[in-house]
Amino acid sequence: MTQQADLLLYVQHLLGIGHLKRAALIARAASAQGLTVVVATGGLPVADADFGEAEVVQLTPALRTLDQDFSGLVSDSGQAADEAMKETRRAQLRALFEERRPRVLLTEMFPFGRRQMRFELIPLLQAAEVAPWKPVIAASVRDILTTLKQPGKIAWIVETAQRYYHQILVHGDPRLIPFERTFPQAVGLADRISYTGYVVDSALPERHYDPDGPILVSTGGGAVAEPLVRAVLEAYLSSPLKDRPWRVLIGHNLPEPAFQALKAAAPSGLTVERSRPDFLTLLSEAGLSISQAGYNTSLEVLAAGVPAVVVPFAAGGESEQSLRAQLLAEAGWLVSLPEAGLTGERLNDAMGRALALARSPVADPGLSDGSPPVDLRFSLAGAEETARQLARLAATPIEERH
């Protein structure tokens with residue numbers, strides 16, 4: 001007989017890999033708490049995604065967004081997601097739920113995001129609502145939501161959360177960014193919201209910061225990497241830091257022809273390569289980080305205590321990265337450079353300002369003895385705290401769940 005799962009975690013990444021990476025960190029931490037974890041992932045497979053001891057089930061067909069405007073869902077081959085594809089995935093998800101009978105069902109971002117997936121998630125929530133073993137239904141959501149422009153969407157989110165969800169785990173710290181900053185309606189859900197702190201890889205290497213160290217450029221999943229990378233190539237040619245090694249890491253979501261074109265355009269002294277599993281080690285040894293401003297990379301940069309320039313992704317009306325970058329820049333932890341009008345000259349200027357920043361209140365980058373960051377001011381232990389909260393939910397007696 002199949003063992004009952006403590007946790008079924010649903011995650012769907014569409015463009016970047018940040019959602020998948022955060023889910024993987026939570027899955028590993030939950031397994032470390034002794035929970036039996038099953039992950040249902042619906043995006044394109046990512047080779048180096050590490051879910052640890054969790055059982056990973058790939059929903060098929062895997063789906064991604066058609067473009068950076070999130071205008072539609074397509075399969076890996078580019079075929080539009082039709083009703084037959086959706087029904088196939090619905091059946092897989094329902095069968096997995098019935099087979100593993102999870103004590104806790106956790107949906108990553110939904111219903112606060114990923115509304116495109118409601119074709120399979122609403123039926124799943126309806127099944128969980130009437131399941132005889134009464135699973136706890138919880139949402140996993142980052143601290144900042146994107147601007148909600150569609151009429152009725154906010155009301156739909158609140159209604160869905162109130163109807164189905166018992167717990168909302170916000171992966172942030174209200175001392176930095178309260179959830180209601182970008183979702184004022186959170187006030188109406190206060191009885192089920194709990195903060196976990198920021199979800200960051202706890203396996204960060206010891207810091208070996210060298211003020212004259214390499215320049216590390218990272219682009220996450222890489223799908224929207226080209227504008228930033230081209231600005232980096234331009235900046236390198238006239239940079240006063242040209243004597244240092246420069247390394248540009250591009251995720252596998254950038255198509256191979258575009259990757260090869262950028263690699264061919266790179267001048268001598270600047271290395272362009274695909275993302276590497278030792279990214280955190282490279283970050284700990286860097287003299288300066290240049291990246292976008294996604295949740296995962298921003299927090300990893302802060303934890304590493306490396307001077308940083310971030311260029312928040314803002315296409316398609318996306319506001320999440322811009323707000324995060326703005327708040328962190330205002331606090332003096334990094335330099336934010338708008339994506340619009342990005343040039344090599346502007347990037348060089350931002351790099352100079354990042355290196356000139358006063359001692360960081362998050363971590364002193366001048367230390368090289370591997371000591372922990374000083375005065376974090378907000379929690380970076382979000383994966384572990386999320387796992388503790390999930391363990392408590394899984395252990396709740398069935399008669400106390402609803």
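Lys134 is partly exposed, at 35% relative accessibility. Here buried means under 20% relative accessible area, exposed over 50%, and partly exposed in between, with a 1.4 Å probe and protein chains only. Phi of Lys134 is near 50 degrees, positive in a residue other than glycine. Lys134 sits in the loop between helix 3 and strand 7 (136-142). Helices (H or I, at least four residues) and strands (E, at least two) are DSSP runs, numbered from the N terminus.

This is a predicted model: local features need pLDDT of at least 70, side-chain atom pairs count only at pLDDT 80 or more, and totals for chains, interfaces and linings use all residues. Residues are numbered from 1 along each chain as its sequence is written, and side-chain values use heavy atoms, with hydrogens and water left out.

Next, Arg114. Its phi is positive too, about 60 degrees, and Arg114 is not a glycine. Arg114 is buried, at 12% relative accessible area. Its place is the loop between strand 6 and helix 3. Pro111 is found in that loop, and a cis peptide bond joins Phe110 to Pro111, omega about 5 degrees.

Another cis bond: Thr60 to Pro61, omega about -5 degrees. Pro61 is in the loop between strand 3 (55-58) and strand 4 (63-65).

Now the helix pair. How do helix 5 and helix 10 cross? Their axes (lines fitted to C-alpha atoms over the stretch in contact, angles from 0 to 180 degrees between N-to-C directions) come within 8 Å and cross at roughly 70 degrees.
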